[in-house]
Amino acid sequence: LSIPPTLLATALGQIEDINTVCSPAITAVGNRLYVVGLTRADLIGSQAELLGLTTGGDVPTVDTAMARKTFAAIHTATKAGLLMSCHDVSDGGLLTAVAEMAIAGGIGCRLALADVPTDVDVSTGLTGLPRDLVLATSESPARFVCEVTGDNAAAFETLFADLPHACCGETCGIDPTVGQETITIFGCDGQRRAVVPLKTAA
């Protein structure tokens, strides 16, 4: 077995109070799911491209000023106790992040792609791909999915007022049509695109 040399970068940070650490797992039914950050057609080198689902698109680029403001706001929200859970959006895009949160918490969720903050054209992605696919699998950097209670929603939205963000879904219990928790995705036209039982997703 021959493995080419690989660069490994490790970052460590001190935590003043471990009780303020935010889990990536969904914690409770009935909470809101916010997407923070702008979704673009950043598909080159993505997992979707590797799987042959997409071709073309853009190479992800980082808006350093916006990223810094986003990370600072996430940090402030965490310390203020506004987040029940939080997960970065990276490999696999938004759907992967939401699935990982749901599977880790054993709690289902619903996600509406029409509400995701984006600059992708209304009908198609910048690559000519269906908009749903672009929004679901784009790997634009500096984005997060945040679980927020209804009581904390107003404070959360005030904190992120100057950043792209939107409530795009909610956590939910057992889907009576399936008999277990599911991840349900609604397309930009409001139609249900996928219903995946958590046991199948895991």
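Is D132 buried or exposed, and what is its relative accessible area?

Reply: D132 is buried, because its relative accessible area is 17%. Buried means under 20% relative accessible area, exposed over 50%, and partly exposed anything in between (1.4 Å probe, protein chains only).

First, the ground rules. This is a predicted model, in which local features need pLDDT of at least 70 and side-chain atom pairs count only at pLDDT 80 or more, while totals for chains, interfaces and linings use all residues. Residues are numbered from 1 along each chain as its sequence is written, and side-chain values use heavy atoms, with hydrogens and water left out.

Now the location. D132 sits in helix 4, which covers residues 131-137. Helices (H or I, at least four residues) and strands (E, at least two) are DSSP runs, numbered from the N terminus.

Next, the partner. The side chain of D132 is in a salt bridge with R193, and their closest N and O atoms are 3.1 Å apart. A salt bridge here is a side-chain nitrogen of Lys or Arg within 4 Å of a carboxyl oxygen of Asp or Glu.

D189 is partly exposed, because its relative accessibility is 46%. The shared partners join D132, D189 and R193 into one network.

Step back to the whole model. The salt-bridge count comes to four. One of these brings R40 and D119 together, at 3.4 Å from N to O. R40 is in the loop between strand 1 and helix 1, and D119 is in the loop between strand 3 (108-112) and helix 4, so the pair ties together parts that are 79 residues apart in sequence. R40 has 32% relative accessibility, so it counts as partly exposed. D119 has 40%, and therefore D119 is partly exposed too.

A142 lies in the loop that runs from helix 4 to strand 4 (144-148). Phi of A142 is near 60°, a positive value in a residue other than glycine. A142 counts as partly exposed, because its relative accessibility is 21%.

Two C-alpha pairs give a sense of distance along the chain and through space. Take V59 and E139: 80 residues separate them in sequence, and 9.2 Å in space, C-alpha to C-alpha. V59 is in the loop between helix 1 (47-50) and helix 2. Its relative accessible area is 51%, so V59 is exposed. Now take P4 and P117. They are 113 residues apart in sequence and 39 Å apart in space, again C-alpha to C-alpha. P4 belongs to the segment before strand 1. P4 is exposed, because its relative accessible area is 58%.

That opening segment holds one more item. I15 is also placed in the segment before strand 1, which spans 32-36. At 56% relative accessibility, I15 is therefore exposed. Together with I18 and V21, I15 makes up a nonpolar surface patch with about 320 Å² of accessible area. Patches take residues with over 30% relative accessible area and no salt bridge, joining like charges within 9 Å and nonpolar side chains (Val, Leu, Ile, Met, Phe, Trp, Tyr) within 5 Å. Accessible areas come from the Shrake-Rupley method with a 1.4 Å probe, and for residues only the protein chains shown count as cover.
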